[in-house]
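Below are a few exercises, each with a worked solution.

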Amino acid sequence: MRHKGKYPAKLMLVGEYGVVVGGSALTLPFRAFHARVRSVEDIPAGKEEDARQSLGHLEQLFGYIQGLPAGTFHATPDLRLFSRELKNYWMDLDIPIGFGLGSSGAISAAIYDLFFPDSEGLSLLHQKEDLATIESYFHGKSSGVDALTSHAGSALRFHSSGHIERVNFDPTEIPGDYRFFLLNSGERFDTGPLVNHFLKQMKDEAFRRSMEEEYLPLNQLLIQSLLGEKEADPAMLVRMISDFQLQHFPKMIPESMVELWIEGQVSNVFYLKLNGSGGGFMLGIAHVSFRESLDERWGGQLLWIE
């Protein structure tokens, strides 16, 4: 059985919602959390219910893939293998669900490895399209970005042209000596309804124009700054994105985070933006000189991206 064993969570440093409408994005695997493929003979004590639920989801996912028209995928699913093996494996998941870290994407990446034997030779774009179809089982619509990041296991740059490339990106070497972090809001949000809400917003001409003329260019410039292609302060760009999201994406921001969100903008100590579709973890940036004070303030709610 061909699989990597562990599939990391993902972080979208740049591009949340923009990537849904063809904008650019920068993602990287986040190895603090994983989905792990395990045998049904390997169920630790206390994990029995997790294994039972996982087996149920795999059976439903098989039915979903089996019911798709022939030719849906670039890689051909081995349905006979899937049917035979689906009761032999379960997904041990420590990625928080509904927190913007790509839990369904990691599971989709594992399924792709397990039951799509000719997928490895495909381009990243074709793999992304296949993975989007698999992940659509969970949300109704998926870009495939999360799943591809988990599957590739490396930082990825998604261009507005549709081109995808692996990039060398070290989150500890950000221009200006800044660091990204995750701050736990403690509130789980469901991806599907949030994406549907955004797609409805895009039907409004003024909102769509703001996305195209303000938000997408900001994302593009932030990616270029982080990759050293243009000289621009990444923290100031995150602040501008933070302002935009507070104004245009209020439904995606937990109420408990709004005051803190504004505090960051006023104090200039840190800036917050969405991590994924919303809720769960907030993605923040701060200068390294503030790290100790933020650790003291937030303790275990804070995870630095390194």
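**Exercise 1.** Is Phe249 buried or exposed, and which ring does Phe249 pair with?

*Solution.* Start with accessibility: buried means under 20% relative accessible area, exposed means over 50%, and partly exposed is in between, using a 1.4 Å probe and protein chains only. Phe249 has a relative accessibility of 0%, so it is buried. Before going on, keep in mind that this is a predicted model, where local features need pLDDT of at least 70 and side-chain atom pairs count only at pLDDT 80 or more, while totals for chains, interfaces and linings use all residues. Residues are numbered from 1 along each chain as its sequence is written, and side-chain values use heavy atoms, with hydrogens and water left out.

Next, the ring rule: rings of Phe, Tyr and Trp (its six-membered ring) pair if their centres lie within 6.5 Å, and planes under 30 degrees apart count as stacked, over 60 as edge-to-face and the rest as tilted. That rule gives 19 aromatic pairs. One of them is tilted: Phe181 with Trp298, at 6.0 Å centre to centre and 40° between the planes. That pair joins distant parts of the chain, with Phe181 in strand 6 (residues 178–184) and Trp298 in helix 10 (residues 291–298), 117 residues apart. Helices here are DSSP runs (H or I, at least four residues), as are strands (E, at least two), numbered from the N terminus. Phe181 and Trp298 are both buried.

Zoom out, and ring pairs tie Phe244 and Phe249 into a cluster with Tyr17, Phe198, Phe207 and Tyr215.

**Exercise 2.** How many residues does helix 8 have, and which of its residues are buried?

*Solution.* Step one, length: helix 8 (residues 234–248) has 15 residues. The expected span of a helix is 1.5 Å times one less than its number of residues. Helix 8 reaches 21 Å from first C-alpha to last, close to the 21 Å expected.

Step two, burial: Pro234, Ala235, Leu237, Val238, Ile241, Ser242, Phe244, Gln245 and His248 are the buried ones. An α-helix has 3.6 residues a turn, so residues three or four places apart point the same way.

Step three, neighbours: the buried residues of helix 8 pack against strand 6, helix 6, helix 7 (205–226), helix 9 (255–267), strand 7 (270–274) and strand 8 (281–287). Contact here means heavy atoms within 4.5 Å.

Step four, the start of the helix: a side-chain oxygen of Asp233 comes to within 2.9 Å of the backbone nitrogen of Ala235.

**Exercise 3.** Which strand does strand 7 join, and which way do the two run?

*Solution.* Strands pair if DSSP finds at least two bridges between them. Strand 7 and strand 8 have five bridges and run antiparallel. Five of the five residues of strand 7 are buried, so the strand is largely enclosed by the rest of the structure.

**Exercise 4.** Which side chain makes a polar contact with the side chain of Asp92?

*Solution.* Find Asp92 in strand 3 (residues 89–93). At 10% relative accessibility, Asp92 is buried. Its side chain makes a polar contact with that of Arg38, at 2.6 Å. A polar contact is a pair of N or O atoms within 3.5 Å; within protein, one must be able to donate a hydrogen and the other to accept it, and residues adjacent in sequence count only if both atoms are side-chain atoms. Leaving aside neighbours within four places in sequence, Asp92 is in contact with His34, Ala35, Arg36, Arg38 and Lys47.
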